Amino acid sequence: MTLPTSQTVAWIENPGSEGKLVIRDGVSIQQPGQDEVLVKVECSGICHSDCRNVEGMGKYEDIPGHEGVGIVVKLGEGVSPDLLDKRVGVKWLWSACGKCAACKKGKVNHCPDQLNTGRSVNGTLQQYVVAHASYITLIPDGLSSEVAAPLLCAGLSLAGAVSKVTPEVQPGDFIAIVGAGGGLGHIGVQIAAQKGYKVIAIDSGNDKRALCKEMGAVAFVDHAIEDVVGSVKALTDGEGAHAVICVAGVPAAYYQAPKLVRNDGVFVCVGLPPDDFMFPMSPIEIANRGLVIKGSSTGTNEQMDELLQLALQGIITPKIEVYEFSDAPKIIHELQRYEVTGRKVVKMPA
């Protein structure tokens, strides 16, 4: 197979307050090195965290994206020939060290020396992306690439987050998900409901209300028109949810969300506010209330495989809309304005 030497990509210009995503042609295709593969991308989800790249929050690469599905078209040195022509997913976790305590326990998602797609290396919003052979995910036959793509980050992030409520929270207990109607949140509602938790979805708008109910939420609280704290407490015998998963990345959500969890409950941080924002609770309050604070950016390899199988069986069904690659800049704008319900996926140019 003869591969082209250049490609079309989504490129970040002037990252910062004036940053924007543009479609750029004629960009060189990176070649795979030791233990790496080259993937011809079929489609990629676009995540709200990609907005951080555009807005210059932290150090990121020029090409964002970390939910890519495609075909392995070239192998680097040391890679098994069995991977050639396989359909694979390229996730947020690009690689891990394999040597630290977290990696040795199988929790590569917590590796302190991990590399991340779109942050440490160029991301999946390009026609050809280089991936580490040990950290790609095989996509099962029968599952469409468009459905698989958002599971690689949105799905896996919330699979990881829902797993963090244990052992303190049990099936039948209440979990409040803040930002429940977005790309990550709506899959989290479905994962949590499927595991037997009673999900209180918090977001705004009738479209997100309908989506969250469809995903299995027992209640929806519209933060734009309702007293969120009062509504959640009324649903939970006046005590608050047993766990809160904060998917929204705005400071206002983090100021309010700790008020939704009961004493002796669990708070899981997922959403990414600006880097200089600090968790808005004093150690005294955390201690007095007996709260457990956890963080989750993504899940484990085992959770990824389980999630794909659940999707293949139709148990987990992300709400997606598929667009042309040229629509990627517009989708970023919509994400920045919190106008996206579910997940938007773009198809790569042929």
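A polar contact is here a pair of N or O atoms within 3.5 Å, where within protein one atom must be able to donate a hydrogen and the other to accept it, and where residues adjacent in sequence count only if both atoms are side-chain atoms. Between domain 1 and domain 2 the count is 15 residue pairs in polar contact, with both residues at pLDDT 80 or more. This is a predicted model, in which local features need pLDDT of at least 70 and side-chain atom pairs count only at pLDDT 80 or more, while totals for chains, interfaces and linings use all residues. Residues are numbered from 1 along each chain as its sequence is written, and side-chain values use heavy atoms, with hydrogens and water left out.

**Domains**

- The protein chain is divided into domain 1 (6–153 + 299–347) and domain 2 (156–295), with bounds that come from an automatic or database domain assignment.
- Taken over C-alpha atoms, the centres of domain 1 and domain 2 are 26 Å apart.
- To the contact (heavy atoms within 4.5 Å), domain 1 gives 28 residues and domain 2 gives 27 residues.

**The interface**

- About 2,000 Å² is buried between domain 1 and domain 2, with 57% of it on carbon and sulfur atoms; buried area is the accessible area (1.4 Å probe) that two parts lose on being put together, summed over both.
- Two salt bridges are found across the interface of domain 1 and domain 2, a salt bridge being a side-chain nitrogen of Lys or Arg within 4 Å of a carboxyl oxygen of Asp or Glu.
- On the side of domain 1 that touches domain 2, helix H3 (145–163) and helix H9 (301–312) each supply at least two residues, and the largest share, five residues, comes from H9; helices (H or I, at least four residues) and strands (E, at least two) are DSSP runs, numbered from the N terminus.

**Salt bridges**

- By this rule the count comes to 14 salt bridges.
- In one of them, Glu306 pairs with Lys195, and their closest N and O atoms are 3.8 Å apart.
- Glu285 forms a salt bridge with Arg289, with the closest N and O atoms 3.5 Å apart; because these two residues are four residues apart in helix H8 (residues 283–289), about one helical turn separates them.

**Backbone details**

- Most residues other than glycine have a negative phi, and most peptide bonds are trans.
- The peptide bond from Thr166 to Pro167 is cis, with omega near 5°, and Pro167 is found in the loop between H3 and strand S10 (174–178).
- Asp264, in strand S14 (residues 261–269), has a positive phi, near 70°.
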